[in-house]
Each structure stands twice: as C-alpha cells, then as structure tokens.
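Reader: I have a two-chain model on screen. Please walk me through the contact between the chains, then the strands.

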Amino acid sequence: MTRIIVLIIGIALIGFIAWWFFGKHEAQTESAAVTDDQQNVDVLVKGGYSPEQVVLKQGVPAQLHFKRTDPSSCLDHVVFPDFGINQALPENETETIQIDTSKAGEYEWACGMNMFHGKVIVK
Amino acid sequence: MKITTRFWISLILSLPMLIEMVLMPFIHWMLPGGQVTMFVLTTIVMLISARPFLSSAWASFQKHHSNMDTLIAVGTGTAYVYSIYAMFAGKGVFFESAAFVITFVLLGQVLEEKMRDRSSSAISKLMDLQAKDAMVKRDGRFVQVPLAEIVSGDLIEVKPGQKIAVDGEIVSGTSTIDEAMVTGESMPVTKRVGDDVIGSTMNMSGTFVFKAKKVGDDTMLAQIVALVKKAQSSHAPIQQLTDRVSDIFVPAVLIIAILTFLIWYVFIGHDVANSLIFAVSVVVIACPCALGLATPTALMVGTGRGAKMGILIKDGEVLERVNDVDTVVFDKTGTITVGQPKVTDIVGDEQQVLMLAARIEAGSEHPLALAILNEAKRQQIAVAEVKNFEALSGKGVQALVDGQQAFVGNERLLHDYEITDDLKQKMTQLQDEAKTVVLVGLQQKIIGLIAIQDTPKDTSAAAMAALKERGLRTVMLTGDNEHVARAIAKEVGIDEVIANVLPAEKADRIKMLQAEHTVAFVGDGINDAPALTTADVGIAMGAGTDIAIDAGGIVLVKNDLRDVDMALALSKKTFNRIKLNLFWAFVYNVLGIPVAAGVFYSFGFILSPEIAGVAMALSSLSVVLSSVLLGRTKLSYND
C-alpha cells in the first residue's frame with residue numbers, strides 16, 4: 001500500500017517538474033527608462049536575471065547595471081558574445097556595462113558557463 | 001563568504017566522519033556520540049557551506065530555471081532530510097553523504113576558480129605591456145606625462161631601455177626596437193626616421209623622438225586586446241549543442257532520479273534508504289558544469305596563446321571552419337614575396353624608357369611604380385609632370401608626355417598595341433626568369449621594356465613545405481602573368497598557379513575554388529579585403545591596417561608566412577581540445593547516470609553519493625585542466 005502511494009506521489013512529482021521547467025512561462029521583460037539621452041536598466045542577478053529581457057531604443061547610449069546577490073559561482077561572470085564583453089560580477093556590487101545600441105537587433109547575454117541567458121532587444 | 005572558506009569549514013567538519021568511515025571496517029571505531037554527532041556536524045555544513053547552493057537553487061526555481069546548484073541542493077537536501085527522519089525512526093542514516101558531497105563540490109569549485117583565473121590571464125598580461133608614462137614635449141621641454149594624457153601629434157622622446165608609449169612615426173634618431181611583445185617577432189628591428197613604431201614595444205639601443213599617431217583605443221595593442229577579448233567571449237557553433245543540453249538537462253536528471261527511486265523502491269522492493277542513495281547519486285553525478293566549461297576555457301587558452309605569438313584568431317567559428325580547410329590560396333605580392341620589387345633590366349633606349357615610365361607613374365603607389373620611381377631616382381632622372389593622366393583598367397596607365405600619348409602597363413596592352421618580335425622574345429625571356437615585365441610605349445608603339453623582380457621571402461619555401469606536410473593544397477593567386485607566377489611558384493614550391501587575375505576578380509576566383517574545396521585565403525589586407533571575406537577562412541597578414549583586422553578571420557601580426565601553418569595548427573589543436581573536452585564532459589554525465597542509478601548493481605558495481613561527488617568535481621577539473629594544458633602543447637616552426 002505504501003509503495004503504491006509513493007509511486008503516485010513520485011509520478012505526480014515528475015509531472016510537476018516537467019510542467020514547471022518545460023512549460024511555457026513568460027520571460028520577465030523590461031523597457032529602459034530614457035533620461036537625458038541615456039538609457040539605464042538595473043538587472044538583478046539572483047537565480048538568473050531579472051529582467052531577462054531588456055528592450056532598448058536604437059541610437060540612445062545605454063547602460064545595464066548588473067548587481068549579483070546570488071552567491072553561486074555559476075553567475076559570477078556575464079558574457080555578451082556579440083560585444084566581446086566578459087565582465088566579472090563581484091557579489092553585492094553593481095557592475096555597469098555599456099551597450100552599443102547603434103544597430104537594431106537581438107543580443108543575447110549569458111553567464112560564464114552559458115547556462116543562464118538574457119536578451120537585449122534594440123529597436 | 002568565499003568559496004575557499006566554505007570549503008575549509010566543510011572539510012574540517014567532514015573529516016571525523018571520513019575517518020570513521022575508513023576505520024570502521026578495521027577496528028570498529030565509532031564516532032563519539034554516534035548519529036547525533038553526525039547530525040550536528042552535517043547540520044553546520046548544510047547551514048554554512050551549503051546554504052549558497054540552496055538559496056541559489058531556490059532563486060532559480062522561482063524563475064523556472066535550474067542549474068548545477070539545483071542538483072547539489074536536491075541531492076544533499078534529500079540525503080540530509082531523510083537522515084533526520086531515519087535517525088528518529090531508528091534506521092540507518094547517511095548524513096556523511098551530504099557533507100562529503102558538499103566538500104567535494106566545493107573543492108572542485110576552488111580549484112576550478114584558480115584555473116579559470118589562469119586561463120584568462122592572457123589579456124591582462126597583454127594590457128600590462130603598456131608603458132605607464134612617457135617623456136612628452138610640452139612647452140619646448142620633454143616632461144614626464146602619464147599615458148592617458150598623451151594626444152595624437154605629441155612628440156615623445158624614448159631612451160634606450162624605455163618602452164614606447166603609443167603608436168607613431170619616428171621624426172629624429174634611429175634605434176633597434178624589440179617588438180616581440182606585440183608582433184611575436186623575435187629579432188629586434190632597426191627603425192629610422194619615417195618608420196612606424198608600435199606602442200608597448202621596447203626600445204633597445206638608440207634615443208629617438210617620435211610623433212604620436214594613434215593613442216588610447218586606436219593603438220595596435222588596444223585593437224589586439226579588443227580582438228582577443230571578443231574571440232574569448234565568442235561561442236563556437238559546437239557549443240550550441242551544450243546550450244540546449246543545459247536547458248533541459250537538469251530537470252531531466254531530476255525526473256530520472258525520481259524514476260530511479262521508484263524503480264528500486266516500488267518495483268524491485270529495496271528499502272527506502274538504499275533506493276534513496278541511488279537517486280541521490282544520480283542527482284549528484286549529473287551536474288553539467290563540465291559541459292559548460294568545455295568550450296569557453298579551451299577558447300580562452302587557445303586564443304590567448306595565439307595572441308602571444310602574434311596570431312590573432314577572431315572567434316570560435318573560425319576555429320571550427322579551419323578544420324575543414326583543404327586548400328590554402330596565397331596572394332603573391334607582399335605575401336609570398338617581400339613586396340618591394342626592384343628594377344633589374346631595362347630593354348630599349350634605357351634613358352628614354354625609364355624617363356617615360358617614371359613620368360607617367362609619378363604619384364602612383366603601386367609597388368611596380370615605386371620600383372620604377374626608385375630606379376629613376378637612383379639614376380638621377382628628373383621626373384617632370386604629365387597631363388591627361390588616365391588609368392587603363394587592369395592594363396596600366398596612360399598620359400600626355402610632351403604632347404605625345406604615352407603609356408605604361410602590363411601584357412594586356414598587347415591587345416591594343418604593336419610590339420616587335422625582338423622585344424617580344426626579350427619579354428618571354430625575362431618572364432621566364434620570374435621577372436615582371438612592364439611595357440612602355442609611345443605613339444601606339446611599344447618602345448621598351450622594364451623588368452622588375454620581387455623576390456620571395458626567406459621563409460616562404462619553408463611555409464609551403466609545412467603546409468604540404470599537413471596535406472593541404474597550395475594555390476597562388478596573382479595579377480601577374482603566368483610566367484612570373486610560375487617561376488615564383490616553382491621557387492617556393494606552390495602546387496597551382498592562377499595568374500592574370502584582376503584585383504576585383506580575386507574574390508570570384510576564390511568562389512570558384514570553393515565549389516569543390518574549403519578555402520583559406522592569405523593576403524596582406526587592403527586590396528585583398530574582398531577575397532579575405534569571401535574565403536572560408538581569411539588570414540590577413542600584417543595587422544598594421546584596420547581593414548586587415550576587419551576582413552580576416554585570423555590576423556597574423558608578424559609578416560612571416562610560416563605563421564599560416566602555425567595558425568592552422570593552433571586552430572586545429574584548440575578545436576580538437578574543445579571536442580575532447582565535450583567528449584569527457586558527456587562521458588562523465590551520460591555514462592555516470594546509469595551507473596549511479598544502479599544499473600550495474602547486479603555486478604556489484606555501485607556509485608555512492610560521495611563517489612559521485614568526487615567524479616563530478618573531477619569532471620569539471622579535468623576539463624579545465626585539459627584546457628590549461630592546451631597552453632603547453634608543442635607548437636614550433638619546422639624549418
């Protein structure tokens with residue numbers, strides 16, 4: 001009897017994992033606030049990036065401010081392959097990254113191990 | 001708290017349990033306090049050393065993400081929580097598993113961090129090359145000025161043993177300069193007035209003054225650094241596979257772990273504790289961090305190593321394409337040859353022919369024109385101005401000289417103008433000697449010939465031999481005529497010659513070759529830019545020009561052809577290392593999972609969670625170590 005209950009719980013758990021990780025979930029998106037011809041977005045690095053998508057206006061200089069509060073060494077670098085940026089993120093410090101907004105397009109960023117991803121959309 | 005501190009805490013607290021585990025079978029020594037002591041020790045490890053894993057896993061979970069921390073948290077958490085239950089229920093506990101796994105994972109991370117720092121040190125070493133200050137002329141005196149305050153146009157004095165601060169041109173004095181740090185060229189070079197000097201190189205013998213031309217981000221060193229940075233953060237296409245894998249890997253492992261538990265507990269009928277151990281092992285061994293490290297670390301070491309030798313590889317994509325290259329195409333002038341041709345013979349009325357040619361070519365920067373002008377200068381022939389100067393596309397140039405129409409150009413002029421049999425014979429004879437023949441004409445008639453020769457570089461033959469040994473076909477692409485091209489090709493040992501190619505046609509010829517081959521093109525930059533971008537791998541020689549840097553996938557800072565072979569060797573080695581890394585990472589993860597799940601249980605072969613923890617740490621370490629070792633593999637010219 002116990003074994004059957006365990007089996008049911010186990011299967012339910014598998015279902016939950018599949019739904020939670022593989023199901024469609026909205027990515028958190030944020031548009032930059034434009035002030036004095038400068039766009040600024042704060043990105044919190046904790047178990048991933050929030051927001052995960054940043055929308056920037058083309059042609060306006062932009063800065064992303066990354067702050068890592070997550071102790072995981074998984075997230076200790078942020079890499080923008082398109083811009084040749086590989087920036088170390090010391091814990092609890094804000095690191096500013098300049099984004100070249102001269103060309104419209106989608107630019108991915110990732111953690112040093114390429115397991116967490118974020119995206120800048122310039123339009 | 002730093003990883004190192006967390007590691008030491010968990011190691012010290014785990015040690016008593018480790019000692020007990022080792023000694024138990026021999027002397028039946030038990031930890032004083034038994035399970036309670038274990039509970040206390042492990043609890044401290046979980047609270048201090050493991051908490052960051054737990055909080056990171058939780059933060060990711062809320063965002064529908066998972067990572068290696070998820071696996072560590074779930075694995076150790078399960079072992080810990082079950083053991084508390086088992087302790088009260090009076091069953092067997094395995095606290096030590098949780099503590100050991102944490103210790104091993106942290107050990108892996110500590111070592112990995114050290115290695116990662118080392119593999120990324122190439123760039124900081126490059127930046128360290130910069131001079132901190134320089135003696136700059138201000139108000140008529142040379143004063144010490146910090147690097148950041150130097151502007152273009154400043155006059156800077158450099159004494160022997162000092163570093164040259166920025167890029168510029170010598171205005172007075174001569175010296176020998178060691179440029180090894182930027183170009184990788186081991187021999188010091190002599191520089192005189194009018195020569196360019198490169199910032200961050202070392203002045204050896206004389207004192208000289210130079211005018212700053214490029215400062216800040218425009219200097220060659222800054223450009224090299226930018227290029228290397230970009231290459232190191234780029235992704236090789238092969239890595240996209242691992243991106244996908246990482247995304248679905250962790251949840252999939254969790255599901256497999258649950259299935260493992262269900263199969264052992266429900267279907268085979270093991271007890272809860274043993275079934276759980278299998279599940280926990282699966283979770284622990286599966287951490288995909290080795291997979292994520294495989295490509296970036298190898299790329300970093302490979303491109304960093306190249307930069308030190310004056311070989312700049314733009315990105316991971318280039319590395320991957322180099323692997324398929326079977327044909328290397330070379331531009332002739334300036335690439336295979338020295339690029340500074342000299343007049344060797346003049347046929348016809350020597351004075352008149354040379355004067356005509358020099359007058360028409362005055363102002364041209366074509367290497368052949370420069371040779372003619374140099375010869376005229378040597379013979380002290382006055383070069384007066386001409387009128388109605390006009391370029392004959394791909395053939396030469398013409399102009400009005402003293403009211404008469406005159407022209408200078410190559411063999412293609414023969415379509416339009418007459419030539420005597422005598423001259424024609426001389427022409428063939430000169431061409432057979434690997435000389436480029438310039439035809440000089442007046443009033444529709446060819447009146448003379450100028451033979452110009454450009455000798456191959458000393459290293460060209462060795463470079464070709466090395467490429468051939470690699471099994472590559474070598475092709476020479478040139479605007480010169482067939483005779484000259486063949487003579488040079490024979491001298492350096494090139495397989496195939498495509499001659500009489502107009503500058504604009506180079507890219508088309510590459511395309512034609514690409515129909516059957518994967519082609520690398522080696523050129524010196526400016527006029528070769530289209531061919532460099534068309535080829536599967538563009539190798540630009542001489543990083544002096546920005547165009548070369550932009551057009552080439554690989555940039556050779558030194559002007560040495562043997563670096564082509566070296567660049568190919570380095571690219572292949574790096575790419576093979578990436579593949580090897582990925583292979584090991586996959587083997588650990590993919591083969592490790594079934595073993596951990598107890599598939600080989602009937603053969604008495606099982607993986608306990610702590611061994612799984614060691615294996616996982618080892619896999620990350622072995623990948624990083626293998627990348628670091630790439631920096632030590634043998635690479636040398638074979639003369």
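**Interface and strands**

Author: Start with the charges: between chain B and chain A the count of salt bridges is 0. Keep in mind that this is a predicted model.

Reader: Which element gives the most residues to the side of chain B that touches chain A?

Author: Several elements of chain B give two or more residues to that side, among them α3 (51-62), α8 (220-233) and α9 (239-268). By class, the side has 22 nonpolar, 17 polar and 8 charged residues. With 16 residues, the element that gives the most is α9(B).

Reader: How much area do chain B and chain A bury between them?

Author: Contact involves 47 residues of chain B and 42 residues of chain A. Carbon and sulfur atoms carry 66% of the buried area. The area buried between chain B and chain A is about 3600 Å².

Reader: Which residue in the turn between β1(B) and β2(B) has a positive phi?

Author: β1 (133-138) and β2 (141-146) of chain B pair in the antiparallel sense over 6 bridges. Asp133(B) stands opposite Pro146(B) in β2(B). The two strands form a hairpin with 2 residues between them. In the turn, the residue with a positive phi, about 55°, is Asp139(B).

Reader: What are the edge strands of the 6-stranded open sheet in chain A?

Author: The order is β1-β5-β11-β10-β7-β8 (chain A), with mixed pairing. From one strand to the next, the twist averages 20°. An edge strand here pairs on one side only; the two are β1 (29-31) and β8 (85-88) of chain A.

Reader: Which residue in β10(A) is the bridge partner of Val78(A)?

Author: β7 (77-80) and β10 (105-111) of chain A pair in the antiparallel sense. There are 2 bridges between these strands. In β10(A), the partner of Val78(A) is Cys111(A).

Definitions and conventions. Residues numbered from 1 in each chain as written. Chains lettered and ligands numbered in written order. Predicted model: local features only at pLDDT ≥ 70, side-chain atom pairs only at ≥ 80, totals over all residues. Heavy atoms only, no water. Pairing = 2+ DSSP bridges. Helix = DSSP H or I, 4+ residues; strand = E, 2+ residues; numbered from the N terminus. Contact = heavy atoms within 4.5 Å. Buried area = accessible area lost by both parts, 1.4 Å probe. Salt bridge = Lys/Arg side-chain N within 4 Å of Asp/Glu carboxyl O. Nonpolar A, V, L, I, M, F, W, Y, C, P; charged D, E, K, R; others polar. Axes fitted to C-alpha atoms, helices over the stretch in contact; angles between N-to-C directions.
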